[in-house]
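Here are my notes for someone opening this model for the first time. Have a look at the picture, then work through the points in order.

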Amino acid sequence: MDISIIGGGITGLTTALALHKSGVASKVYEQAASLNEIGAGVWLQPNAVQILHWLGLKEAVLNKGCALDKMEITYPNLKPIKKIRKAVVEDQYGNQTIAIHRGKLQRILYEKCEQLQMVALGEPYIDHQNDEGKVQLQFKNKSIPADIVLGADGIKSRVRKAMGLPTEFRQTRQICCRGIVNITLPNHLKRVGKEVWGDKRRFGFSQLSPDSVYFFIVLNREICPKEFSKPSLSALFKDFDPIIAKIIEASGDMHRTELIDLKRLDTWYNSNACLLGDAAHATTPNMGQGACQGIEDAFYISRYLKEADSPQDAFKAFEIQRRKKVDYVVNNSWNFGRMVHNRAGQMLLKAMMKITPEKIVDKQMNMLYAVDGL
Ligand SMILES: Cc1cc2nc3c(=O)[nH]c(=O)nc-3n(C[C@H](O)[C@H](O)[C@H](O)COP(=O)(O)OP(=O)(O)OC[C@H]3O[C@@H](n4cnc5c(N)ncnc54)[C@H](O)[C@@H]3O)c2cc1C
């Protein structure tokens, strides 16, 4: 079976490695001619870490990243709104959340794929047609046949377009910028992910490596300065803990975007094509689960392509398996983001956090971190 994966991001590369581990060959086609370590950080939660462990990559990821003992939502003075137990950031097997530079994670996955000769760079996909049970893939400079195409080409997916599936984005009216700074955090903040809530603004950060810190800022559009400069950002966070001013002061290039997600697709597959990761279900980042869900897709699609009698049976089983959790993540993330950035909503969230029994929180986390069949 010839499987072509379009897109060499976290989802596409992990999918190729998961298929390989399941004894199924595939090849990744990535448009970029080289992978540069640009981008910011990601927090990989235990569901993703379990799968990286299954792929034999957890140690490599830990070596390049930083395991976090706690994730806390806090007031501007960094005092937690509710003390969160370690169980919330760690699954029953001891897999903790890991903060890592997105580019470094991609590099780890890419190098493994490259060793196995499973990846081609500089190959922009244009289109595909279905042709008597096969697909004909059109790249910028060549055309190749395949049995299956997996679209892991991100939120603006061309594979989705070629499949005739709709592309509608939901705008949050929230502007986000992210960056990495070369500073060291004080010891008590070294292994903690913090998300600090203010009025219509949020600031998140964690250690990424011994000498670097990942941060993100989310602002309602109406309070967002026209120019993102150190003085304009410092002014917005002047009443917050001084560590935030220190991070802003050390910042350089920042990736500024409006937060959006992809309106729910009725299906992720047709004919011999199936979408994965952000191409299928791009989410707002409020639950820190976008890449984690792409990594879960990789695990399950490899299992079903190995076991099912036909690609369509595999895609159907994959969608049945994944729908509930993906919808849960996308919807909760969307609602959470809206509430945090609205005064009344934020008050309600804080009250809910304080009164929700730990048993219920544990149940939610267990559901989020569970990967069936690992
Ligand atoms: C502010 C922010 C913070 C986030 N924080 C977290 C976090 O803490 N934890 C987490 O899990 N997730 C987080 N995410 C989400 C995460 O970054 C994405 O969900 C994840 O990177 C998606 O991976 P992907 O491989 O599906 O898509 P992408 O990363 O978009 O990769 C798609 C790949 O396909 C390639 N491609 C595109 N078109 C073509 C083409 N025509 N031909 C060939 N190749 C093509 C691209 O070059 C790219 O390499 C965050 C996102 C944002 C915006």
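1. How much space lies in the largest cavity? About 30 Å³. A cavity here is a set of points on a 1 Å grid, over the protein atoms alone, where a 1.4 Å probe fits but cannot get out. Grid points are joined across faces, edges and corners, and a volume is the space filled by probe spheres set on the points. The structure holds one cavity of 30 Å³ or more.

2. Some housekeeping before going on. This is a predicted model, in which local features need pLDDT of at least 70 and side-chain atom pairs count only at pLDDT 80 or more, while totals for chains, interfaces and linings use all residues. Residues are numbered from 1 along each chain as its sequence is written, and side-chain values use heavy atoms, with hydrogens and water left out.

3. Back to the cavity. Its lining consists of Thr 172, Gln 174, Thr 284, Asn 286, Ser 333, Trp 334, Gly 337 and Arg 338 (lining residues have an atom within 4 Å of a point). By class, that is one nonpolar, six polar and one charged. In this scheme Ala, Val, Leu, Ile, Met, Phe, Trp, Tyr, Cys and Pro are nonpolar, Asp, Glu, Lys and Arg are charged, and the others, Gly among them, are polar. Helix α10 gives the most to this lining, with four residues. Helices (H or I, at least four residues) and strands (E, at least two) are DSSP runs, numbered from the N terminus.

4. Now the second largest pocket, with a volume of about 240 Å³. A pocket is an open set of grid points with protein on both sides within 12 Å along at least five of seven lines. There are 14 lining residues, and Asp 91, Gln 92, Asn 366, Tyr 369 and Ala 370 lie nearest the centre. Helix α12 (residues 358-369) gives the most to the lining, with four residues. The lining splits into seven nonpolar, three polar and four charged residues.

5. Next, a six-stranded open sheet. Read across, the order is β5-β13-β14-β15-β12-β16, and the pairing is mixed (two strands pair if DSSP finds at least two bridges between them). At the edges are β5 (70-74) and β16 (255-262), each pairing on one side only. On average, neighbouring strands of this sheet are turned by 20° against each other, direction ignored. For angles, axes are lines fitted to C-alpha atoms, for helices over the stretch in contact, and angles run from 0 to 180 degrees between N-to-C directions.

6. Strands β14 (residues 201-209) and β15 (residues 212-220) run antiparallel over eight bridges, with Ser 206 partnered by Tyr 214 in β15. Strand β12 is joined to β15 by eight antiparallel bridges, and Cys 176 stands opposite Val 218 in β15. Seven bridges join β12 to β16, also antiparallel, and Ile 175 has Glu 258 in β16 as its bridge partner.

7. What lies across this sheet? Helix α7 (residues 242-250) lies across β12 (169-181), β13 (192-198), β14 and β15, at about 70° to β14. Helix α11 (residues 343-355) also packs on the sheet, touching β5 and β13, and its direction makes about 135° with that of β13. Contact means heavy atoms within 4.5 Å.

8. Then there is a three-stranded open sheet with antiparallel pairing, in the order β3-β6-β4. Strands β3 (41-44) and β4 (66-68) are at the edges with a single partner strand each, so one side of each is left without a neighbour in the sheet. Strand β4 pairs with β6 (residues 97-101) over three bridges, and Ala 67 stands opposite Ile 98 in β6. Helix α2 (residues 46-54) lies across β3 and β6, running at about 85° to β3.

9. Last, a loop residue. Pro 166 is in the loop between α5 (158-162) and β12. Pro 166 and Lys 263 are 97 residues apart in sequence but 8.7 Å apart in space, C-alpha to C-alpha. Leaving aside residues up to four places away in sequence, Pro 166 touches Arg 160 and Leu 265.
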